[in-house]
Amino acid sequence: MVRALLVALLLAGSQLTFAQQTITVGAAPAPPTRVLLWADSAAHNISPVELLRTYAPIETKLDALPAAKRKEHTNALMELSQEKKTSVESQGDLPADGFFYEVTELFAASGRADWIIVKPMGEPNRKALDDLLRRLAVFYQADRFAKPMAAPYSNGYFTNFGRPREKRTVLTGDSIINTLEAAAATTRPDTVKYLYFNHLDLKDVPNVVYRFPNLEELDLSKNRLTQLPARLTADLPQLRRLSVLFNQISNDSVFITPNKHLLALTLQGNKLTRIPTSVRNARNLESLWMGNNKLSELNIKAIKKLKHLYDLNLYNAGLTSLPKQIRKLKHVRVLDLYYNELTGLPKQIGKMRRLEQLAVAHNKLTSLPPQLAKLRYLDTLYVHHNPLATLPTTFNRFKAIRLLDLSYSRLSAFPAELTTLKTLETIDLSGNNIQVLPASVTQLSGLKHLYLRSNPVTRDDAKIGPYAKVIDQLEAQNTAVYY
């Protein structure tokens with residue numbers, strides 16, 4: 001569980017180094033941090049396998065700690081991960097020809113990195129390797145520290161530098177074309193409904209797409225487009241779904257003509273700092289994905305008049321706050337805010353009356369607004385990986401909540417506010433500091449799944465512990481308890 005958590009945290013953005021020679025960073029009296037490729041370790045008279053006998057895996061260290069201390073160390077690794085990500089990304093553009101790699105970090109008991117050992121996947125570009133090494137060296141010159149422990153320890157993870165080249169996946173079937181050659185050659189363009197031109201290294205939208213008057217779906221993801229031309233919505237009157245995922249489209253380069261046919265638009269992974277104003281011209285838009293951009297703000301004005309917009313994805317969008325005007329998104333039913341930098345939610349979110357699913361996991365929320373309980377249709381709430389210590393007392397007023405994920409927060413007690421929620425089917429409280437399992441939890445007659453892993457209350461064999469009777473009663477009520 002701990003390894004999965006650390007891998008997920010570091011996949012969200014931490015990026016490290018490659019080199020064929022050892023790089024010395026830092027100054028006396030502390031020993032230097034040494035950075036090298038796993039393949040070059042013999043040339044430096046070291047053995048990573050031998051080193052790992054001295055630097056025990058972080059998982060074994062954390063499992064032996066009390067929950068509060070375990071959380072402290074996990075949070076410290078999160079903070080160090082974010083610092084690395086910020087440092088690497090702030091030093092220039094990331095390579096277009098990126099790659100995946102595995103990293104083993106070896107920390108002294110003080111928390112200072114002794115070794116960074118890197119194992120690249122495939123055959124990365126030499127220039128990109130050197131660039132990544134340089135960026136890491138800049139980071140470690142400041143003597144960045146992880147959390148001290150009683151003995152040296154290691155941390156391993158898998159991540160990427162830039163966008164790795166991927167093998168192109170294509171869909172086949174009736175009414176589908178996935179190559180430019182086939183698009184140009186077909187004698188029945190009127191029968192084609194789906195064009196998948198993903199991963200073709202396109203710099204511009206090819207004119208051949210306009211051959212297809214009945215086109216319903218166009219996928220231009222993972223190319224090098226810098227503009228979304230107006231002609232796409234003007235000259236393709238049946239176009240329902242359009243994706244330009246992971247391109248290089250910037251502000252003022254998205255042109256959408258007034259239309260009623262476009263239903264789903266994916267602008268994820270571009271160079272946008274705001275929702276393009278022209279999005280409002282897609283009057284019947286139902287789904288808008290803006291994640292993996294770096295939004296300076298959430299400009300509600302661009303989408304507030306979209307009466308059919310029910311799915312708004314802002315995953316990893318760089319948001320630090322939400323505006324009060326979010327109350328104007330009255331038709332949104334699914335709101336994804338995973339992996340942002342939110343420290344709070346405005347109380348006006350309670351006026352998004354049709355909201356059914358809300359995901360605010362992996363933010364920096366220390367509290368939740370009581371007004372969330374006013375969302376009468378909310379049935380799914382993901383809040384995990386936030387430093388929450390308590391819940392609003394109003395949470396006992398939820399009318400439709402079925403799934404509530406509060407794992408890896410800072411809760412020290414089972415939330416009493418939840419024990420009266422008859423609609424609740426799944427509660428995840430893993431990775432907290434819960435020490436008591438109250439008998440009142442058995443009042444949750446609709447509960448089907450209760451996750452309590454990595455809490456003091458389940459550290460020993462819960463089936464023979466002081467709360468065995470509570471667990472037995474839950475299981476007798478057909479509630480699966482995970483500990």
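In which loop is Ser253 found? Ser253 is in the loop between β10 (241-243) and β11 (264-266). This is a predicted model. Its mean pLDDT is 87, and 92% of the residues reach 70 or more. The points below go from confidence to cores, then to one helix, some loops and the aromatic rings.

**Confidence**

- Over residues 1-28, pLDDT stays under 50.
- The model still has 101 contacts beyond four places in sequence for residues 1-28.
- Where pLDDT is low, the predicted coordinates should not be read in detail.

**Nonpolar cores**

- In soluble globular proteins, nonpolar side chains tend to be buried together.
- The largest nonpolar core has 92 residues.
- Leu265, Val279, Leu288, Ile303, Leu314, Leu335 and Leu358 touch the most other members of this core.
- Helix α8 (residues 468-476) gives this core its largest share, three residues.
- A second, separate core has 26 residues, among them Val35, Leu62, Val88 and Leu136.
- What does Leu314 contact, leaving aside its neighbours within four places in sequence? Its partners include Met290, Gly291, Leu295 and Leu298. They also include Leu319, Leu335, Asp336, Leu337, Tyr338 and Asn340.

**Helix α8**

- Ala468, Val470, Ile471 and Leu474 are buried in α8.
- Why do they fall on the same side of α8? They cover an arc of only 160 degrees around the axis, so they share one side of the helix.
- Lys469 and Ala476 are exposed on the other side of α8.
- The cover over the buried residues of α8 includes β19 (449-451) and β20 (480-482).

**Buried residues in loops**

- Is Ser253 buried or exposed? Ser253 counts as buried because its relative accessibility is 12%, and the cut-off for buried is under 20%.
- Not counting residues up to four places away in sequence, Ser253 touches Thr226, Gln227 and Leu228.
- Asn178 has its place in the loop between β7 (176-177) and α6 (180-185).
- Asn178 has a relative accessible area of 16%, so it is buried.
- Asn178 touches Arg168, Val170, Leu171, Thr172, Tyr196 and Phe197, again not counting residues up to four places away in sequence.

**Positive phi in loops**

- Most residues other than glycine have a negative phi, and most peptide bonds are trans.
- Lys222 is not a glycine, yet its phi is positive, at about 60 degrees.
- Lys222 is in the loop between β9 (217-219) and α7 (231-234). With 22% relative accessibility, Lys222 counts as partly exposed.
- His385 also has a positive phi, near 60 degrees, and is a residue other than glycine.
- Where does His385 lie? His385 is in the loop between β16 (380-382) and β17 (403-405). A relative accessible area of 13% makes His385 buried.

**Aromatic rings**

- A pair of aromatic rings is described by the distance of the centres and the angle of the planes.
- How many aromatic pairs are there? The count comes to eight.
- One aromatic cluster is formed by Tyr315, Tyr338, Tyr339 and Tyr382.
- Lys119 lies over the face of Trp38, 4.3 Å from the ring centre.
- Arg211 has its charged end over the ring of Phe212, at 6.0 Å from the centre.

Key. Residues numbered from 1 in each chain as written. Predicted model: local features only at pLDDT ≥ 70, side-chain atom pairs only at ≥ 80, totals over all residues. Heavy atoms only, no water. Phe/Tyr/Trp six-rings, centres within 6.5 Å; stacked < 30°, edge-to-face > 60°. Lys NZ or Arg CZ within 6 Å of the ring centre and 35° of its normal. Core = buried A, V, L, I, M, F, W, Y, C linked by side-chain atoms within 4.5 Å. Buried < 20%, exposed > 50% of the residue type's maximum accessible area, 1.4 Å probe, protein only. Helix = DSSP H or I, 4+ residues; strand = E, 2+ residues; numbered from the N terminus. Contact = heavy atoms within 4.5 Å. pLDDT = per-residue confidence, 0-100. Arc of directions from axis to C-beta.
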